[in-house]
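Reader: Please take me through a single part of this structure in close detail. I would like the aromatic and nonpolar side chains, with the cut-offs for each term.

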Amino acid sequence: MFFDLDWYWWIVFLILLAVSVPFKIRFMRWWYDRQQKQKKERHEKWGDDE
């Protein structure tokens, strides 16, 4: 077979890939929101308090 792997290892690999992609997308969204929140807090920290 391709890369000397049996067919069932390819199915396991594809299932793991299919499960990991949504978690990666969720993590990237969380990381982006976290960065934006930190950036906003830093900006507001030195803003005018009037």
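Author: V19 sits in helix α1, which covers residues 7-45. The model is predicted: local features need pLDDT of at least 70, side-chain atom pairs count only at pLDDT 80 or more, and totals for chains, interfaces and linings use all residues. Numbering runs from 1 along each chain as its sequence is written, and side-chain values use heavy atoms, without hydrogens and water.

Of its 50 residues, 0% are buried. Buried means under 20% relative accessible area, exposed over 50%, and partly exposed in between, with a 1.4 Å probe and protein chains only. V19 is partly exposed because its relative accessibility is 45%.

V19 also belongs to a nonpolar surface patch of about 1,200 Å². Among the other members are F3, W7, Y8, W9 and F23. Patch residues have over 30% relative accessible area and no salt bridge; like charges are joined within 9 Å, nonpolar side chains (Val, Leu, Ile, Met, Phe, Trp, Tyr) within 5 Å. A salt bridge is a side-chain nitrogen of Lys or Arg within 4 Å of a carboxyl oxygen of Asp or Glu. The accessible surface of the protein is about 5,500 Å², 65% of it from carbon and sulfur atoms (Shrake-Rupley method, 1.4 Å probe; for residues, only the protein chains shown count as cover).

Now the rings. Rings of Phe, Tyr and Trp (its six-membered ring) pair if their centres lie within 6.5 Å; planes under 30 degrees apart are stacked, over 60 edge-to-face, the rest tilted. The count is six aromatic pairs. W7 and Y8 make an edge-to-face pair, 5.8 Å centre to centre with 85° between the planes. W7 is exposed, since its relative accessible area is 56%. Y8, at 37%, is partly exposed. W10 and F13 are also paired edge-to-face, at 5.9 Å and 90°. Both lie in helix α1, three residues apart, about one turn of the helix. W10 is partly exposed at 24%, and F13 is partly exposed at 46%. Ring pairs also link W7, Y8 and W9 into a cluster.

Conventions
Helix = DSSP H or I, 4+ residues; strand = E, 2+ residues; numbered from the N terminus.
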